[in-house]
Each structure stands twice: as C-alpha cells, then as structure tokens.
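The entries follow in the order of the look-ups.

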Amino acid sequence: MFAHFALVLVPLLVAGKPMPPSNLQLSTFWIRYSNAQYQAKAAGGGPGGGGSKIAGGSLASQQQFPYQAAIMVNFPDGSGTLCGGSIISTTFVLTAAHCLRGALDATVVVGTNIVSIPTDDKAVEIDVTFHDMLVHPSYDPVNVFNDIAILRLTKTLVLSDKIQPIRLPSRLEAKQELASVDAVVSGWGALNGDEFAEISESLKLELRFVSNPVISNESCEKVFPNMIRESHVCVSGSNGRNACQGDSGGPLTAHLNGETTLIGIVSFGSTEGCEKGLPAVYTRVSYYLNWIEDHTNVKVT
C-alpha cells in the first residue's frame, strides 16, 4: 500500500468564491477528510492527516531553503490541504499534481520557515485560483504517474535572501545516474505516519529537512511493485528519515556539479509509516524538463 504525503485541513472555503468548471473533477484516489473523519483514521496510517515535523528531520535555519513554498489548497467540497512547492522563477512554483487536481484556489506562502495561523508577518502570501494551476494532462492518480503540476503566481516575487528560485537540472544532468547521491527533502510534514494534528484557528508549523541517499529504481520496485517508472526517483528512508504527511509537492534537492538542484517532487510513500525505514517516491524533475520549459518562463540549459 502507498499513501500521498498531504496534510488535511479543516474546510477553508468562504461563500461567494467562484466554482471551477464542471469538468474539473476531484481525485477519487487522494482522500481528504474532515476533522472528525481524519481523527478517526489516526490509527490507520492511511492518506491524509499531518503534524508539525518531517520524519526524523532537523529544524531548518533561516534562509536555508529560500526556494521552499507552502501551498494551502482549497477544494469545492469545503476541504483543504497543505502541500509544499518549489519556486522555479519569480512567477512559477512547481508542485505535485495530486495537490492541485480538482482544486478551487490556493494561497502560496514563501519567504518564511513558519506556516502559521495567524500568518507569520514575515511571510509573503499570494492567492491563486484554478485558472493559475496546470496539472500534467497525463497525470494518473491510480498508478501515480506524471505527478507534477505548475502554479502561476498572480504577483511577481521580489527576490531576496529568503526568496530564491531553485536551479533545475541541465539536459546533460538529466542523463546522470542519481543512485547513491545524497538528497535533501524539506517540508512542514508530520513526524511519523501515526501523528495527526487537529488543525483549527491556531496553527504553527516549522520547516524541517532530512538527508538520505537516492536508491536505484530497481530497489524501489521491490517495495512498490509495478509502480516505479523512469519518471520516478526514490530515496532511502533508512534511520526513520523520510518525507511524511504534509510534505507532498515539496522539493527534493541534490548537489549536481556543485550547485543545489531540484531533482524531485514529493509524491508518495508506504502506508506502513514514514518512519519505518521504507523508501519514498518522488517525481523525477529531469524527466519533465521539456514540459516545464513549454509552460513556464524557465529556460533549461
């Protein structure tokens, strides 16, 4: 079994907001629970839920991850979720398709290590609608293929030491074998698969990160039979260090040719638990360089 790493929130919609087109369907795979429902699911370790920490992670220092975005997503049924994202230019953020599929609107938060209610006064917030969301047209929510999406920001980001785009792999680096490369994932997700938090009018999540080596897709296939493709990259979950609920869509980075580079997008992991030592699966960014270049202002070298 596998689960997406998304954090469920209480209903966030307000009256008077426009509804998306009728052909914009909600995912039947990615389940969002109301507060009462996901509290009851806490012992099951299934999709949904969340807490305040990446599994086995360390607190991030200020400006350590200036490319990190938080995305608070609202859905037409009144539910919501928290996902991560990566700034790739002053007007575009990269995230997971399962975070945005069927979404009504979202708020993108950058420039801070704290996701909070009330809002951190250091944060930059940008509201976007479903018109600004591009989910990969071939996204398959059952087999979790093409789990990638683009958010177009409605305001241009002002770059600073707290807000910077992440470098994408070059076309030459796209051919590089990543197995055994040390990779870093960052996010506001849970400490473990059994940790669930009641999200209410008061919330404070601190950014955390963890490092583990990339493993071969062949090794990953043994954990997730018939699910791993060349469009995936897998990272070891050894020593309980892993992405977890709430980290979906967030960045996986590695040093390529001496530069911090975005190599993956948090996609899914095992329902046995984030801290159980099993690998996590990411969308391989290098596989989608042409698609990203075609739909953003980012030029791939």
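**Aromatic pairs**

I searched the whole structure and found four aromatic pairs (rings of Phe, Tyr and Trp, the last by its six-membered ring, with centres within 6.5 Å; planes under 30 degrees apart count as stacked, over 60 as edge-to-face, the rest as tilted). I note that this is a predicted model, in which local features need pLDDT of at least 70 and side-chain atom pairs pLDDT 80 or more, while totals for chains, interfaces and linings use all residues. Residues are numbered from 1 along each chain as its sequence is written, and side-chain values use heavy atoms, without hydrogens and water.

I looked up Phe 224 and Phe 268 and found an edge-to-face pair, 5.3 Å centre to centre with 85 degrees between the planes. Both Phe 224 and Phe 268 are buried (under 20% relative accessible area; exposed is over 50%, partly exposed in between; 1.4 Å probe, protein chains only).

I then recorded Tyr 287 and Tyr 288: their ring centres lie 5.1 Å apart and their planes at 70 degrees, so this pair is edge-to-face. Tyr 287 is partly exposed at 44%, whereas Tyr 288 is buried at 4%.

I also noted a cluster of Phe 65, Tyr 67 and Phe 209, linked by ring pairs.

**Disulfides**

I counted two disulfides (cysteine sulfur atoms within 2.5 Å). Cys 83 is joined to Cys 99, S to S 2.1 Å; the S-S torsion is about -90 degrees, so this disulfide is left-handed. Cys 220 is joined to Cys 234, S to S 2.1 Å, and is left-handed at -80 degrees.
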